[in-house]
Amino acid sequence: MKLFLSWVIFALTFVNYLSGQRNCGAMEVLDRQIKENPALLQKMNEVEKEIQDYIRKNPNGSGERFVITIPTVVHVLYRTSSENISDAQIQSQLDVMNFDFSATNSDVSLTPALFSGVVANAEVQFCLAKQTPTGGATTGINRKSTTLSSWGTNDNVKRAAQGGIDPWNANNYLNLWVCNIGGGILGYAQFPGGSLATDGVVIDYRYFGTIGTATAPFNKGRTATHEVGHWLNLRHIWGDANCGSDLVSDTPVHNTSNFGCPASGHLSTCTGSPVEMTMNYMDYTDDACMYMFSSGQKIRMRTVLEGNGSRASLQNSPGCMAPSGGGSCAAPAGLSVSGITTSAANCSWSAVSGAVNYTFEYKLNTSSTWTVQTLTGTSVSLSGLTAGTLYNTRVKTTCGTTSSAYSTTVNFTTLSTSGCTDNFESNNTKNTSAQILIGALNSAKISSASDVDWFKFSNISTQRNVKVTMTNLPADYDMVLYRTNNQVGISENANQLDEQIIYNNSQSAATYYVKVYGYNGVFNNSLCYALQAQISSSGFRSDGSNELIQGELVKNEFLVFPNPAGDVVTMVMPFGQTTEGVLTVMDVTGKVVATQKMFGDKYATTFTMDVSQFDTGLYLLNFRTENESYSQKLAISGRR
């Protein structure tokens, strides 16, 4: 703990940087909070001790692979109309966070080869809350007019009594406040261990999201990524001291913070003169020049979210689920892009129950203006596009008088008219696999007889089915699909112009790897092939359409057996048309003894639960989805 205590002592004297450069107020706020409540330092030491003990026992993480989705509420405090940022600007920030925390951001490919092996998918996602702490429907956006011209870092923005907005239950929500902070501060966060009454992240309205009021060079949403990193217990990469420690093993020792866009290969003058990881989200570089978390940082973040971690309760929050009985309009899932040419593309998404129509939008990546189309169907064909250009797409649902949030933004690049460039090399081994975006069409080359291309992507618990397609093959290329380390598919069509692997499954989310190679060493050094990965909640078919995976439907009945039980019970969950629910176990007094978020669908419904830790007696099990609630009594008998 000496290292942690030294870090805190230095933090108490840490000074602000020059205006015009990134300035995070997290350390200033921590300084004030410790002075106001000296016991906080001991609490943070206890949190850090738990983390270090966990890392010693699990140096490579827990080994569990699942995405944790954090319900998020955005509180907007505004004095002027420009400070009252739009829903679209808020959604653009959520999109950036979801890309950055899953390593699916388009610029992660810029990571130098030296650090490409430690780029981490934190397997953390964020949703705008659909349910308030009291169970009401919400859009996840909370607005309030104010007369204050700036808020500073004294946390009054988080206090209704001071004109701000009180946080929602921090055990169940990430609270984001957007306001005019002032003083050159871009944002600040509260570290784990602090008071629930002030827990969350504050971002200045000029540095939130990617459109609207977002101001260069901090207009790519990375201020929130940086601050949420603090909220999940990451330190500044230079350890807030000259050649300090950020308590992460795989990040180089930095002299101090870096600003702007340092040249590649920037050296530290600390011991060993390591190359600094200036593109890490926890440095102070411009938004366009930070684009990765490391594996060690992932372990720190996951530690506070898993097991007995200080933010583990977020896993079981119902905040992302619409209240029972509806009241919310769901955003479309499964947005993907196919049939991409130099000037056209096809976009499609999954239907939403109760939808009247859909609002589909697309734009050039460099533009702030969206082209809008209103459709009753679930697909649209785009034409007149510019060759070799990156585009953004998104879609939302209209249900009667209400509209959903936007879907996650999906990017694609049109084909070039003048040859092709392979931007993924060197990706010749599994350990150097290139991260690719879901739904994007990626161009690459097999440039020699020994060249092999490796790519990776992840599915999610609600979209487990996987399809990988290769098109525009200049030679007889084949591919193999791996789920983590296990081969799950291969495509070896002789003399074909395309290859395809479909892997429909009901397993948990995982990282998938694609290996591409030339049959018998064939290659073409001048022409590219196109590779696309897609995921869906519905099963893929070889004709290109989707269908539900066939299986026997389970009736809307909550089954628990054996009953009475000994050490383990089997449960059949009635998910119906939903994909998630919450299981709550209560004793006879009504006290909650366990709660767990459950993921499945109407075909994947059977789960087991270890009840050996429960005392003998009678319990009530309640399973609740956004539409229904079911209960069963369970007796646990004496054990041998």
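Q: Leaving aside neighbours within four places in sequence, which residues is Thr397 in contact with?
A: Let's start in strand S12, residues 390–399, where Thr397 lies in this predicted model. Setting aside the residues within four places in sequence, the contacts of Thr397 are Cys329, Ala330, Ala331, Pro332, Val352, Ala355, Asn357, Tyr358, Thr402, Ser403 and Ser404.

Q: Does Thr397 count as buried or exposed?
A: The cut-off for a buried residue is under 20% relative accessible area. Thr397 has a relative accessibility of 0%, so Thr397 counts as buried.

Q: Which residues does Glu425 touch, not counting those up to four places away in sequence?
A: Glu425 sits in the loop that runs between strand S14 (410–413) and strand S15 (434–435). Its relative accessible area is 35%, so Glu425 is partly exposed. With residues up to four places away in sequence not counted, Glu425 touches Lys445, Asp451 and Asp453.

Q: How far apart in space are Glu425 and Asp451, C-alpha to C-alpha?
A: Asp451 is one of the residues that Glu425 touches. In sequence, Glu425 and Asp451 are 26 residues apart, while C-alpha to C-alpha they are separated in space by 9.8 Å.

Q: Which backbone nitrogen does the side chain of Glu425 reach at 3.3 Å?
A: A polar contact needs N or O atoms within 3.5 Å. At 3.3 Å, the side chain of Glu425 reaches the backbone nitrogen of Asn427.

Q: At what angle do helix H3 and helix H7 pack?
A: Two packed helices are described by the angle between their axes and by the distance between those axes. For H3 (residues 39–57) and H7 (residues 295–305), the axes are 10 Å apart. The crossing of H3 and H7 is right-handed. The packing angle is about 115°.

Q: How do the residues of the contact of H3 with H7 divide into nonpolar, polar and charged?
A: From H3 come Glu48, Ile51, Gln52, Tyr54 and Ile55, and these meet Ile299, Arg300, Thr303 and Val304 in H7. Sorted by type, the residues of this contact are five nonpolar, two polar and two charged.

Q: How many of the eleven residues of H7 are buried?
A: The buried residues of H7 are Gly296, Gln297, Lys298, Ile299, Arg300, Met301, Arg302, Thr303, Val304 and Leu305. Their cover includes H3, strand S1 (68–78) and S2. H7 is therefore largely enclosed by the rest of the structure, and of its eleven residues the buried ones number ten.

Q: Is the disulfide of Cys127 and Cys320 left-handed or right-handed?
A: The sulfur atoms of Cys127 and Cys320 are 1.8 Å apart, and the two residues form a disulfide. Cys127 lies in strand S2 (residues 124–128) and Cys320 in the loop between H7 and strand S7 (336–338), so this pair ties together parts that are 193 residues apart in sequence. Both Cys127 and Cys320 are buried. The torsion about the S-S bond is about -95°, so the disulfide is left-handed.

Q: Is Cys243 buried or partly exposed?
A: Cys243 is joined to Cys270 by a disulfide with an S to S distance of 1.9 Å. With -90° about the S-S bond, this link is left-handed. At its other end, Cys270 has 6% relative accessibility, so Cys270 counts as buried. Cys243 has a relative accessibility of 33%, so Cys243 counts as partly exposed.

Q: What is the torsion about the S-S bond of Cys261 and Cys289?
A: A disulfide joins Cys261 to Cys289, with an S to S distance of 1.9 Å. At 46% relative accessibility Cys261 counts as partly exposed, whereas Cys289, at 17%, counts as buried. The disulfide is right-handed, because the torsion about its S-S bond is about 90°.

Q: What does the count of disulfides come to?
A: The rule asks for cysteine sulfur atoms within 2.5 Å. Cys127 pairs with Cys320, Cys243 with Cys270, and Cys261 with Cys289. By this rule, the number of disulfides is three.

Note on methods. Residues numbered from 1 in each chain as written. Predicted model: local features only at pLDDT ≥ 70, side-chain atom pairs only at ≥ 80, totals over all residues. Heavy atoms only, no water. Axes fitted to C-alpha atoms, helices over the stretch in contact; angles between N-to-C directions. Helix = DSSP H or I, 4+ residues; strand = E, 2+ residues; numbered from the N terminus. Left-handed = near helix turned anticlockwise from the far one by under 90°. Contact = heavy atoms within 4.5 Å. Nonpolar A, V, L, I, M, F, W, Y, C, P; charged D, E, K, R; others polar. Buried < 20%, exposed > 50% of the residue type's maximum accessible area, 1.4 Å probe, protein only. Polar contact = N/O pair within 3.5 Å; in protein donor to acceptor, adjacent residues only side chain to side chain.
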